[in-house]
Amino acid sequence: MGIINWKELLYPYEQAVEELLLKFRSLEKECRRLGMYSPIDSVSGRLKRPASILDKAGKKQIPPDKIEEKIEDIAGIRILCQFVEDIEKVVQIVRTRADMRVVEERDYITNTKPSGYRSYHMIIRYPLNTALGYKEIFAEIQIRTNAMNFWATAEHSLRYKYSGNIPQHLQERLTNCAEAAFRLDQEMTTIREEITNAQILNEIRDNLTANILDNIQNLYFVAKLEDMDEINKEFVEVWNSEDVDALRAFNDKLNVLAEMYRV
Ligand code: 0O2
């Protein structure tokens with residue numbers, strides 16, 4: 001194999017992983033800030049190690065000058081979802097984004113791999129502005145549930161340890177675990193609505209509380225001490241009531257008060 005300038009080869013992919021992480025994490029954060037349900041539960045990313053790149057290039061007989069063109073997962077992003085139904089929503093988000101172009105999709109959820117592996121893969125072309133100019137690179141986005149990921153991570157470790165030849169007794173256990181993960185996803189789906197509603201409510205409650213605390217903090221500078229005493233007492237009462245409507249009404253009241261002091 002010819003000489004590879006690893007720094008020059010990998011830097012754009014490192015940049016892509018960082019940018020993609022930021023973009024998908026921002027999306028998740030934005031949903032939460034807006035009190036909306038986020039189909040993205042968490043996001044991670046990794047750069048393929050040179051040894052793995054060489055290994056794959058060797059297996060697929062890819063010459064060094066074709067690595068960028070033929071190996072599509074040097075930059076990898078993994079998006080984890082709580083429920084199987086969320087995966088389709090994330091897939092739609094990726095398909096409609098203006099800052100990346102989907103070139104291939106592999107649905108290992110409908111078509112589970114013989115190993116038991118389930119995940120949705122999307123290969124994208126991603127534009128980058130690097131120090132050496134504009135370029136487009138491939139990146140792989142893996143989308144799966146937490147249960148699918150739990151299994152895949154465990155299986156990956158075993159496959160690595162046994163260099164792909166997992167002993168029969170372990171393989172049987174793994175197959176059982178894959179079925180259990182599949183059933184867990186199915187069971188979770190049956191209470192999905194209850195869980196997502198509860199999470200949205202918690203998010204709204206947290207956002208309102210943060211606004212109230214900001215308001216109280218600001219009022220300390222301008223309001224009378226007796227008024228602040230009253231406000232603090234009322235806050236404790238409203239907080240203890242765990243009533244979102246009461247929290248909202250109290251927050252509105254503080255907004256009006258803050259406005260009055262501003263005037
Ligand atoms: P790593 O360490 O994650 O980078 P190929 O290598 O040809 O089989 P191909 O055609 O590039 O793979 O794409 P494929 O099969 O759609 O996806 C490859 C990646 O999906 C793998 O990357 C794994 O991350 C994951 N994957 C695919 N099949 C399995 C499986 O049976 N078990 C687990 N745990 N993961 C799987 P790499 O390069 O193998 O490894």
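Modeller: The side chain of K56 places an N or O atom 2.8 Å from an oxygen atom of the ligand, which falls under polar contacts (pairs of N or O atoms within 3.5 Å; within protein, one must be able to donate a hydrogen and the other to accept it, and residues adjacent in sequence count only if both atoms are side-chain atoms). A nitrogen atom of the ligand lies 3.0 Å from a backbone N or O atom of A152, and a polar side-chain atom of R159 is 3.4 Å from a nitrogen atom of the ligand. On its own the ligand has 740 Å² of accessible area, of which the protein covers 75% (Shrake-Rupley method, 1.4 Å probe; for residues, only the protein chains shown count as cover).

This is a predicted model, in which local features need pLDDT of at least 70 and side-chain atom pairs pLDDT 80 or more, while totals for chains, interfaces and linings use all residues. Residues are numbered from 1 along each chain as its sequence is written, and side-chain values use heavy atoms, without hydrogens and water.

The shell around the ligand has 17 residues, the closest being K48, Y108, K113, S115 and E155 (a residue is near if one of its heavy atoms lies within 4 Å). Helix α5 gives the largest share, 4 residues; β5 (133–145) and α5 (146–161) each supply at least two (DSSP runs: helices H or I, at least four residues; strands E, at least two; numbered from the N terminus).
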